[in-house]
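Dear colleague,

I am passing on the structure that follows, together with some notes on what was found in it. Please read the notes alongside the coordinates.

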Amino acid sequence: NSIINAIWTYELNVLPCGLGSGDLDYIFPMRVENADSLVPDISEGSESIQWVVDFAFALTAMLYLDMEDYPLYLDEPGHGFDAQHSVNLVGFIKQLMDSGRFSQLFMISHFDAVHGAFTNAQTLVLDEANIAVPHAYNEHVVMH
């Protein structure tokens, strides 16, 4: 929840899943700020809410398993986020990388505002069509 709330603009908390017949049921209710009742399961949240919850779960698992020396892979992070959530996400990822918790970030993004925030990044462009490319790219690769 601390990861989610570092990105999300309003309180969004995932609650523990239940025990059905003594086994985990993997149904995770959510408490959403200003909601009249609990959302019964994260699968009923918006696409953006589901993405941020999945991201928080994956990141927590990587940290718990001491996978901090592994690259963090992100494919179109926060796709579908509104402008403020996107800014919060990029700031969170930048802070995470600056902390040294992960050795590398491998991110696929078509939005300059996302990859442009990482000033010491190397950029790989496979196809220049329909995207804004930085002034320096593909300096670290040879493509045939």
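**An exposed tyrosine and its patch**

Y26 counts as exposed, because its relative accessibility is 57%, where exposed stands for over 50% relative accessible area, buried for under 20% and partly exposed for what lies in between, with a 1.4 Å probe and protein chains only. Before going further, please note that this is a predicted model, in which local features need pLDDT of at least 70 and side-chain atom pairs count only at pLDDT 80 or more, while totals for chains, interfaces and linings use all residues. Residues are numbered from 1 along each chain as its sequence is written, and side-chain values use heavy atoms, with hydrogens and water left out.

Y26 sits in the loop between β3 (23-24) and β4 (30-32); helices (H or I, at least four residues) and strands (E, at least two) are DSSP runs, numbered from the N terminus. Together with L19 and L24, Y26 makes a nonpolar surface patch of about 370 Å². Such patches are made of residues with over 30% relative accessible area and no salt bridge, nonpolar side chains (Val, Leu, Ile, Met, Phe, Trp, Tyr) being joined within 5 Å and like charges within 9 Å, and the areas come from the Shrake-Rupley method with a 1.4 Å probe, where for residues only the protein chains shown count as cover.

Helix α2 (residues 47-64) has 18 residues and spans 26 Å from its first C-alpha to its last, close to the 26 Å expected at 1.5 Å a residue, the expected span being 1.5 Å times one less than the number of residues. Its buried residues are S48, I49, V52, V53, F55, A56, L59, M62 and L63, and what covers them includes α1 (2-7), β1 (12-14), β4, β5 (71-75) and α3 (83-98). Just after α2, D66 takes a positive phi of about 55°.

The count of aromatic pairs comes to seven, where rings of Phe, Tyr and Trp (its six-membered ring) pair if their centres lie within 6.5 Å, and planes under 30 degrees apart count as stacked, over 60 as edge-to-face and the rest as tilted. One of these pairs, W51 and F55, is stacked, at 5.1 Å centre to centre with 10° between the planes; both residues lie in α2, four residues apart, about one turn of the helix. F55 is buried, as its relative accessible area is 7%. F55 also forms an edge-to-face pair with F92, at 6.2 Å centre to centre and 85° between the planes, and this pair links distant parts of the chain, since F55 is in helix α2 and F92 in helix α3, 37 residues apart. F92 is likewise buried, with a relative accessible area of 14%. Ring pairs link W8, Y10, W51, F55, F81 and F92 into a cluster.

The structure holds one salt bridge, meaning a side-chain nitrogen of Lys or Arg within 4 Å of a carboxyl oxygen of Asp or Glu. The side chains that meet in it are those of D98 and K94 (3.5 Å, N to O). These residues are separated by about one helical turn, because they are four residues apart in helix α3. D98 is exposed, at 58% relative accessible area, whereas K94 is partly exposed, at 29%.

G100 lies in the loop between α3 and β6 (104-108) and is exposed, with 54% relative accessibility.

Kind regards

Notes. Contact means heavy atoms within 4.5 Å.
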